[in-house]
Amino acid sequence: MVLSQPQDVKHLSYTLLLKICFITHVQLWGKCGINDYVNLVAKQFEILGHEIVCHFIKKDCRELSDLPNADLYSVQFAPYAYANNGMPKTILNLLAKELWNKKVHLNFHEIWVGAYPRANWKEKGIGWLQKNLILGFINKCKPIWITSSNSASIDRLNFAGIPVIFLY
């Protein structure tokens, strides 16, 4: 199943009751925009009758071995949320392995750094590494739907050949 337009999700949400697992970094309600976003969206899906599970991943990755069963996994992604240096290689590799052959929604809150005109060599180098990690993750877990609310992220992903839907 490939979801290409926002109305596809609306139709899906009214025709099936799903168990949706939101995957994000450490639980920080009220202190992190990503967690607050997940909380708001999860409440709306619960109103529609869907079952919601939030799964929090710490930087040591232990939680990746016990992902709950779900119909859809919604990964909320920002590179620095999963690794202080912005290089979540271990988490992305383990997560891709756990999500292989499952229905995955990937939502980018942030993307790789260094893709702007005044970026210095260090930012460009980190960005190149982040980009390769992210594209590798996408190729391994094969999400059915990729979104972002950040137009710069959408442009970068589209330029890399990844179709992304603007969310909002």
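Two remarks on method. Because the model is predicted, local features need pLDDT of at least 70 and side-chain atom pairs count only at pLDDT 80 or more, while totals for chains, interfaces and linings use all residues. Residues are numbered from 1 along each chain as its sequence is written, and side-chain values use heavy atoms, with hydrogens and water left out.

I will start with the overall layout. The protein has six helices and six strands; these are DSSP runs, H or I of at least four residues for helices and E of at least two for strands, numbered from the N terminus. Along the sequence the order is α-β-α-β-β-α-α-β-α-β-α-β. There are 168 residues, and 47% of them count as buried. Buried means under 20% relative accessible area, exposed means over 50%, and partly exposed is in between, with a 1.4 Å probe and protein chains only. Taking contacts between residues at least 6 apart in sequence, 69% join residues at least 24 apart. Contact here means heavy atoms within 4.5 Å.

Next, a helix pair. Two packed helices are described by the angle between their axes and the distance between the axes. For helix α4, residues 89–99, and helix α5, residues 121–141, the axes come within 9 Å and cross at roughly 10 degrees. The axes are lines fitted to C-alpha atoms, for helices over the stretch in contact, and the angles run from 0 to 180 degrees between N-to-C directions. The two helices are therefore roughly parallel to each other. That label covers angles under 35 degrees; over 145 is roughly antiparallel, 65 to 115 roughly perpendicular, and the rest oblique. On the α4 side the contact is made by K89, L92, N93, L95, A96 and L99, and on the α5 side by L133, I134, F137, K140 and C141. By type, the residues of this contact are eight nonpolar, one polar and two charged. In that scheme Ala, Val, Leu, Ile, Met, Phe, Trp, Tyr, Cys and Pro are nonpolar, Asp, Glu, Lys and Arg are charged, and the others, Gly among them, are polar.

Now the interior. In soluble globular proteins, nonpolar side chains tend to be buried together. A nonpolar core, as used here, is a set of buried Ala, Val, Leu, Ile, Met, Phe, Trp, Tyr and Cys residues joined through side-chain atoms within 4.5 Å. The largest one has 32 residues, and I23, L95, L99, F108 and I138 touch the most other members. The elements giving two or more residues to this core are β1 (19–25), β3 (72–77), α4, β4 (104–108), α5 and α6 (151–159). Of these, α5 gives the most, with six residues. Apart from this core lies another, of ten residues, among them F22, Y37, A42 and F45. As for L95, leaving aside neighbours within four places in sequence, it is in contact with I23, I57, L64, L67, V75 and F137.

What about polar residues in the strands? N107 is in strand β4 and, at 2% relative accessibility, is buried. T147 is in strand β5 and is also buried, with a relative accessible area of 0%. The side chains of N107 and T147 are joined by a polar contact of 2.8 Å. A polar contact is a pair of N or O atoms within 3.5 Å; within protein, one must be able to donate a hydrogen and the other to accept it, and residues adjacent in sequence count only if both atoms are side-chain atoms. The N107 side chain has a further polar contact, of 2.9 Å, with the side chain of Q76. T24, in strand β1, is buried at 1% relative accessibility. The T24 side chain makes a polar contact of 3.2 Å with the side chain of H25. T24 and V75 are 51 residues apart in sequence, yet 6.3 Å apart C-alpha to C-alpha.

Last, two loop residues. Most residues other than glycine have a negative phi. N101, in the loop between α4 and β4, has a positive phi near 70 degrees and is exposed at 65% relative accessibility. K142, in the loop between α5 and β5 (145–148), has a positive phi of about 50 degrees and is exposed, with a relative accessible area of 58%.
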